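Morning, everyone. Please have a look at the model on the screen. I'll talk about its charged side chains.

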Amino acid sequence: MERRGSTIYNASDNMAGRGVMTTASISLQDLRRKIYLKAKADKAWRFWGLYVHVCKRETLYEAYRLAKANKGAPGIDGVTFDAIEEGGLIEFLSEIQHELEAGTYQPMRNRLQRIPKGGGRYRTLGIPAIRDRVVQGALKLILEPVFDADFQPGSFGYRPKRTAHQAVHRVSKAILTRKTRVIDVDLKAYFDTVRHDKLLGMVAGRINDKHIMRLLKLILKIGGKRGVSQGGVISPLLSNIYLNEVDMMLEKAKAVTRKSQYTHLEYARFADDLVILVDYHSRWDWLAAAVWHRLKQEFAKLDVTLNEEKTKLVDLSKGESFDFLGFNFRQGLTTNSKLGVIMQPKKDARSNLLKKLKGIFKRLKSQPTEWVINTINPILRGWVNYYRIGNSSQCFSFVRWWMERKLRRHLMRARLRQGFGWKRWSREYIYGSLGLYDDYAIRYVQTES
């Protein structure tokens with residue numbers, strides 16, 4: 001996959017070592033598919049000649065389209081998507097392409113933004129300028145199929161065709177098969193502590209392209225001597241690459257203890273959020289201890305620190321519970337009086353939602369009801385769609401009741417009246433005519449493929 005003169009090696013032929021040449025470039029989608037298939041078929045292959053595809057106009061345009069779809073704020077230069085398109089998108093992409101091809105591209109410093117995490121704690125996001133998001137996005141488009149082919153089945157975070165719901169389903173299914181001893185892992189400042197030398201070495205294990213490696217090093221160093229920037233387009237991919245060896249260790253432990261179709265260990269990881277579930281029976285005490293020991297060894301090799309205060313060993317059979325991806329998991333009796341999994345929004349999920357909605361009502365108290373509903377509905381829809389796969393009916397009922405009361409109060413205040421107008425406006429009017437969001441039905445999760 002290297003440009004020579006006016007021709008380009010056919011991706012599949014070149015990667016197979018036949019070197020057949022063609023004058024037509026394959027599409028980005030086809031290129032990514034061919035890279036993935038080659039990476040999946042040959043785990044030892046080191047890809048070369050990829051940089052030319054990062055620099056292609058098609059790749060840069062797709063990276064720009066994806067960046068714009070995320071509707072992110074401008075970076076440190078203050079340049080917005082509107083300003084870019086007013087000045088000419090083709091010219092903007094051409095300038096980036098020229099800098100990449102000439103080797104003169106230098107990323108700008110990230111704009112730092114602190115996001116509250118609760119409890120007085122903050123997460124610092126490093127927001128790249130849009131031009132740098134485009135470059136990172138282009139690099140990710142080309143590298144992602146290489147490394148996604150190497151990632152393990154229990155890794156779900158920020159991967160194509162994989163979702164948080166699938167990770168939640170995997171955990172729920174493990175509990176149903178009586179894997180009720182849980183190692184709930186918490187990593188201390190993971191994204192800030194990734195070692196660049198180790199990460200670059202992992203990437204070099206698959207990439208034999210000095211231009212790709214130079215560009216990646218530039219992107220990493222702009223955020224400091226260690227860490228990957230939370231907010232960077234390529235950061236989720238890099239964080240998965242760094243933790244893939246942990247996943248491989250867990251897959252091996254799962255495989256060597258398998259008996260026929262039965263497994264005695266399961267795990268699910270979404271970025272730095274990891275849970276490991278071990279069979280309840282006392283004969284597997286050694287497995288729980290061995291996995292915990294090996295886990296500490298793997299993190300020590302990566303120079304990643306376990307948060308000892310928050311990393312917990314949980315026994316669901318003793319009535320204990322744990323949180324994962326916004327859900328609280330515990331064992332309990334289901335509606336048919338059988339022992340099963342109770343999976344509900346975790347303790348602060350509902351309170352954080354209502355706090356956010358309350359702030360919107362306060363901010364828009366003098367605005368028309370239509371404005372309020374149009375602002376609130378997307379938030380409600382997103383929150384409910386995420387949590388509707390669990391035992392969330394009771395929580396949803398409260399949210400629906402609270403939401404209706406707040407809207408009725410808003411309507412009454414607009415008329416300088418007290419109360420909630422229960423007789424004045426019917427529910428058909430609130431949900432039908434005004435259009436307040438009202439789909440709180442529980443649905444089944446789509447399982448992992």
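**Charged pairs**

Start with Arg65, which forms a salt bridge with Glu62; the closest N and O atoms are 2.7 Å apart. By salt bridge I mean a side-chain nitrogen of Lys or Arg within 4 Å of a carboxyl oxygen of Asp or Glu. Both Arg65 and Glu62 sit in helix 4 (residues 57-69), three residues apart, about one turn of the helix. Helices are DSSP runs of H or I with at least four residues, strands are runs of E with at least two, and both are numbered from the N terminus.

A word on the basis: this is a predicted model, where local features need pLDDT of at least 70, side-chain atom pairs count only at pLDDT 80 or more, and totals for chains, interfaces and linings use all residues. Residues are numbered from 1 along each chain as its sequence is written, and side-chain values use heavy atoms, leaving out hydrogens and water.

Next pair. Lys140 and Glu144 meet in a salt bridge, 4.0 Å from N to O. They both lie in helix 7 (residues 130-148), four residues apart.

Now Asp247. Its salt-bridge partner is Arg269, with the closest N and O atoms 2.7 Å apart. Asp247 lies in helix 12 (residues 235-256) and Arg269 in strand 7 (residues 265-270), so this pair ties together parts 22 residues apart in sequence. Are Asp247 and Arg269 buried or exposed? Both are buried. Buried means under 20% relative accessible area, exposed over 50%, and partly exposed in between, with a 1.4 Å probe and protein chains only.

Finally, the total: 25 salt bridges by this rule.
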